[in-house]
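Reader: Hi! Could you walk me through this one?
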Amino acid sequence: MSTRRINWYKYAAPANFYPLAGKMIPVFSVVTVLLFIIGLYVGFFVAPTDFQQGESYRIIFIHVPAAWMGMFLYVLMAVYAGLGWAFNARLGSMMATAISTTGAIFTFISLVTGSLWGKPAWGVYWVWDARMTSTLILMFLYIGFISLQASIDDPRRADRAGAVLALVGLINVPIIYFSVQWWNTLHQGATFTARSFKMAPSMLSAMLILMAACWMYSIAVVLVRVRCIIRERESEAPWLAEAVA
Amino acid sequence: MFGWVLWRDLILAWRHRADVLATLFFFIIVTSLFPLGIGPEPQTLQTIAPGIVWVAALLASMLSLGRIFGNDYQDGTLEQLLLTPQPAYLVVFAKVLAHWLVSEVPLVIIAPVLGLQFGLSQNTLLIVVVSLLLGTPVLSLIGAIGAALTLGLRAANVLVALLVLPLYIPVLIFGTGAIQATVNGTGTKPWLLLLGATLVLAFVFAPWASSAALKISVE
């Protein structure tokens, strides 16, 4: 066993990251499935019926994790794109491109589940309050990022242009997060603070488990996608022919 | 350098007056379409007027964004401008100012006339002008980022719209909020201050993002 510390920077090369990602994917996939099963069980069978909303509140277990992932993945995408731009590291930009699709999907899920929840809870499918509007803007930003990268043929120019766009749009994420504090809107206030939880413990644990499940899912799916992107873009590299064979 | 780029852009815009006037007439026509489509009831028109004036201003300014860098990119001038020792920030700044003077200020001037079409009071018309004065520079500044990112691409016009409209939304909300606050009688000042804040933020950061995007696009 060598006494040298691990050189993490070697994984910045697609050639080294590709097999590492390949080993990580099965682990995260299994964890994802387990957490989803546990979380959904707790959410649907263990958590009690809500006093005001009855059973329809349970959509929160999908809505909140999806909304959180949508915002978090945008920040992560912007960070990776920024790293890829600043350090001229292809893998960073490939990760950003891989994350963009998953982030868009989660944001879409949060908008749709939010609408579906809004009908029984507030009586309307959609209101133009601060949080819903800024999440809609987040959806548009994702679509803009994906479209911009799709319409530029040169991969490196696409990477850098996407990085500029992602970083410019980054200001929207704090606005979404804090919008419920800054404006008095229909959306409920923060349920989690550092000190008090305003929800029943089983509801809270279901939500946290499902949030972890969505996170593990994102990691697994992004790693699969980035491997596909590596294969597309590095298709002429000799290491790839050996790795794939 | 700044003065030179500004003067050059203004002269070029003067020589192609038709492009500039086309944007203005687009603004006028679009604002006139809505009463025709929705119906001439005065109450309705007064309610929808702020939104329509602002959305039409947004769309009209988006149409003209291609002209900020497009012509210079095609004949190679932009590359030469970026090769000078002066920072690209100044070039962007001059071009954005020229774009604002040429494309946006006519909108601001004609907006009160269009507001009369909707039956807005004089006080409201003043706020329309002020909010547009504060908001249109932001439109030019942020639009320049989109224009720089999409230089020379195939579907550049539509793509610019897709990229830039989400970033325009806060300006739209604050601008229309200011006008509606005047119509309702609630406080206008907070909205105008927020507009001013977005202007200051965009003023500082947007040319920097645009110059970074220019360097990426003019590889």
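Author: Happy to! Read along the sequence, chain A runs α-α-α-α-α-α-α-α, where helices (H or I, at least four residues) and strands (E, at least two) are DSSP runs numbered from the N terminus. This is a predicted model, in which local features need pLDDT of at least 70, side-chain atom pairs count only at pLDDT 80 or more, and totals for chains, interfaces and linings use all residues. Residues are numbered from 1 along each chain as its sequence is written, with chains lettered from A and ligands numbered from 1 in the order in which they are written.

Reader: How many helices and strands does chain A have?
Author: Chain A has eight helices and zero strands.

Reader: At what angle do α2(A) and α3(A) cross?
Author: At roughly 160°, and the axes of α2(A) and α3(A) (residues 90-122) come within 7 Å. Axes here are lines fitted to C-alpha atoms, for helices over the stretch in contact, with angles from 0 to 180 degrees between N-to-C directions. That makes α2(A) roughly antiparallel to α3(A), a label for angles over 145 degrees.

Reader: And which classes of residue are in that contact?
Author: The contact of α2(A) with α3(A) has 17 nonpolar, twelve polar and one charged residues. Ala, Val, Leu, Ile, Met, Phe, Trp, Tyr, Cys and Pro count as nonpolar, Asp, Glu, Lys and Arg as charged, and the others, Gly among them, as polar.

Reader: Switching topic: which residues touch the most other members of the largest nonpolar core?
Author: A:V164, B:I142 and B:A213, in a core of 124 residues. Such a core is a set of buried Ala, Val, Leu, Ile, Met, Phe, Trp, Tyr and Cys residues joined through C-beta atoms within 7 Å; buried means 20 or more other C-beta atoms within 10 Å of a residue's own, C-beta atoms being placed from the backbone. Helix α2 (residues 60-86) of chain A gives the most to this core, with 15 residues.

Reader: What does B:I142 touch?
Author: Leaving out residues up to four places away in sequence, B:I142 touches B:V164, B:L167, B:Y168, B:A202 and B:A206. Contact means C-beta atoms, placed from the backbone, within 7 Å.

Reader: Nice. How many residues of chain A are in contact with chain B?
Author: 15 residues of chain A, meeting 17 of chain B. The largest share of chain A's side, eight residues, comes from α4(A). By class, that side has ten nonpolar, three polar and two charged residues.

Reader: Last one: what share of chain A is buried?
Author: Buried residues make up 36% of the 245 residues in chain A.

Methods: Buried ≥ 20, exposed ≤ 12 C-beta atoms within 10 Å, placed from the backbone. Contact = placed C-beta atoms within 7 Å. Parallel < 35°, antiparallel > 145°, perpendicular 65-115°, else oblique.
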